[in-house]
Amino acid sequence: MNIKKQVDDLTVLLNKLPKPLGDHLKKFDEIDSLVEVVMDLGRIPEARFMHHNIRLKDLEEVTVEDIRIVTKNIGHFNTDNRGGIERTLHRISCIRNKNNDIVGLTCRVGRAVYGTIEIIRDIIESGHSCLFLGPPGIGKTTLLRETSRVLADEVEKRVVVVDTSNEIAGDGDIPHFGIGHSRRIQVPSPDQQHMVMIEAVENHTPEVIIVDEIGTEEEAQAARTIAERGVQLVATAHGYTLENIIKNPTISDLVGGIQSVILGDEEAKFRGTNKSVLERKTKPTFDVLIEIKSRDIFLIYSPVSSYVDAFLRDDLKQPEQRIREDNNDVTIDRESIDNKSTEALKINIEPVMTSVSGISATSIFPFGITHQQIRWAVKSLGIPVQIAQDIDTADIVLTTKAKQRNQKKKLSKLVKNRDASIHVIQDEYAIQKFLRDYYNIPETPETLEKEASNDIKIAYKRAIAECRIVEVSPQPAALRQIQHREARLLGLNSMSVGQEPNRRIRIYPKGE
């Protein structure tokens with residue numbers, strides 16, 4: 001296995017900074033781990049390293065002249081306020097005031113790191129289209145750069161890099177050697193990326209296309225067009241996890257999208273769900289999704305379609321985990337989610353069991369309540385609850401007032417001559433409160449926040465499946481703020497309605 005090797009032109013970047021700042025940074029022993037230098041007008045410069053930040057208090061505050069020196073050495077900034085240094089991978093981004101004057105600079109160090117894709121080399125070389133996810137600064141662009149070099153030079157494929165901000169192949173007309181013999185197409189402005197993606201396929205007969213930061217509906221559609229033409233696509237997208245992509249209506253098509261489906265009575269009964277359920281709309285654009293948890297820990301979702309389907313069924317499925325050890329060996333963990341979740345449940349239950357007065361694990365049969373809603377509550381509280389597939393194995397039958405009223409005869413017949421007790425709650429939003437009371441778990445800010453967040457998830461499912469406005473239970477202002485944030489993450493509009501103490505969140509279907 002290749003050992004990771006890092007190549008940068010750090011001295012070139014430091015020489016573009018004001019001399020006192022550049023000379024000061026060169027004295028640092030940890031200069032090789034420098035990530036970026038921040039210069040804000042009227043403030044002391046800041047050096048950001050891999051694991052910590054340092055305010056350079058020995059230096060003077062940044063002046064207009066300091067910023068002018070850097071911008072003069074850089075040249076021009078594109079419409080996205082990013083610039084670069086020719087034949088390097090460094091990126092300089094600017095902050096402007098209301099008069100369009102530059103008042104801040106973020107000088108990010110760009111590095112070509114060889115050997116970074118060894119942990120997933122088999123996937124990259126397989127020809128599967130791959131989507132990378134992870135937080136900023138985790139190394140997604142570095143992986144794209146190394147992927148383009150390996151596929152072009154070692155696998156000898158025709159590779160085209162669509163380089164929107166010149167982050168993959170550097171500034172200037174000649175691409176950085178970090179992409180090997182890949183060809184690079186620059187993008188005039190970010191809003192034209194989707195057009196250049198299509199142009200690359202139609203004009204340059206690539207076998208592989210590399211794209212950084214897919215974030216709009218047009219780009220998602222262009223990605224699908226590329227994949228449907230049989231071209232391998234390797235890209236990054238805005239999001240940290242698979243769940244982020246599924247819940248983002250703008251780019252959820254990358255993993256197949258979601259749609260509401262009406263099931264027949266028998267099918268709904270067989271699945272143990274409502275008749276309205278969410279299902280994957282179409283085949284995903286990408287075959288494999290890779291979450292980058294750290295520079296040496298990767299989660300592999302392959303094929304991604306099976307994980308999307310499992311998520312929509314609320315059937316947790318553990319991805320493959322790959323860990324790069326200190327000696328550069330790779331540990332691959334394919335252990336099933338069943339074993340892991342059982343082990344985790346035992347750990348989570350320990351502190352709870354001491355506070356539930358000796359109550360043993362409970363089996364709940366949901367009547368008129370979806371399994372997913374109970375699972376959300378159980379997961380939040382970390383309690384020993386199982387969902388019974390058959391009433392004969394249940395300790396409790398849990399239902400709502402509305403279901404009890406409308407299905408009274410059926411419910412009575414169901415529990416007749418059985419030991420299970422019936423518990424009636426106001427509605428689905430009261431599940432967590434019922435479980436908390438049943439297990440004598442005290443209210444804490446954390447449990448209340450989780451309960452408020454779960455309410456929005458339930459409302460989201462209902463708003464999407466039934467395409468209607470949904471209101472949740474009243475909450476204090478602080479918890480409503482959390483609910484509004486959760487709604488935004490799910491791609492839905494929300495607003496507070498009513499008067500205290502009954503003020504609550506209203507969720508709107510997409511587009512309203």
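Predicted model: local features only at pLDDT ≥ 70, side-chain atom pairs only at ≥ 80, totals over all residues.
Residues are numbered from 1 along each chain as its sequence is written, and side-chain values use heavy atoms, with hydrogens and water left out. Local features require pLDDT of at least 70, side-chain atom pairs count only at pLDDT 80 or more, and totals for chains, interfaces and linings use all residues.

Nine strands, in the order 11-10-12-13-9-16-17-18-19, make up an open sheet with mixed pairing. Helices (H or I, at least four residues) and strands (E, at least two) are DSSP runs numbered from the N terminus, and two strands pair if DSSP finds at least two bridges between them. At the edges lie strand 11 (183-186) and strand 19 (330-333), each of which pairs on one side only. From one strand to the next, the twist averages 20 degrees. Angles run from 0 to 180 degrees between N-to-C directions, and axes are lines fitted to C-alpha atoms, for helices over the stretch in contact.

Strand 10 (residues 159-163) and strand 11 run parallel and are joined by four bridges. Val 161 has Arg 184 of strand 11 as its bridge partner. Helix 5 (residues 140-154) packs on the sheet and touches strands including strand 9 (130-133), strand 12 (208-214) and strand 13 (232-237); contact means heavy atoms within 4.5 Å. The direction of helix 5 makes about 175 degrees with that of strand 12.

**Backbone exceptions**

Most residues other than glycine have a negative phi, and most peptide bonds are trans.

The peptide bond from Ser 302 to Pro 303 is cis, with omega near -5 degrees. Pro 303 belongs to the loop between strand 17 and helix 10. In helix 10 (residues 304-312), the buried residues are Val 304, Tyr 307, Val 308, Ala 310 and Leu 312. Asp 314, which follows helix 10, has a positive phi near 60 degrees.

**Pocket and cavity**

On a 1 Å grid over the protein atoms alone, a cavity is a set of points where a 1.4 Å probe fits but cannot get out, a pocket is an open set with protein on both sides within 12 Å along at least five of seven lines, and lining residues have an atom within 4 Å of a point. Grid points are joined across faces, edges and corners, and a volume is the space filled by probe spheres set on the points.

The second largest pocket holds about 910 Å³. Its lining has 43 residues, of which Arg 108, Gly 137, Gly 139, Lys 140 and Thr 142 are the closest to its centre. Helix 5 gives the largest share of this lining, five residues. By class, the lining comprises twelve nonpolar, 17 polar and 14 charged residues; Ala, Val, Leu, Ile, Met, Phe, Trp, Tyr, Cys and Pro count as nonpolar, Asp, Glu, Lys and Arg as charged, and the others, Gly among them, as polar.

One cavity of 30 Å³ or more is found in the whole structure. The largest cavity has a volume of about 50 Å³, and its lining includes Gln 373, Tyr 429 and Asp 455. Helix 16 supplies the largest share of that lining, four residues.

Technical notes:
Buried < 20%, exposed > 50% of the residue type's maximum accessible area, 1.4 Å probe, protein only.
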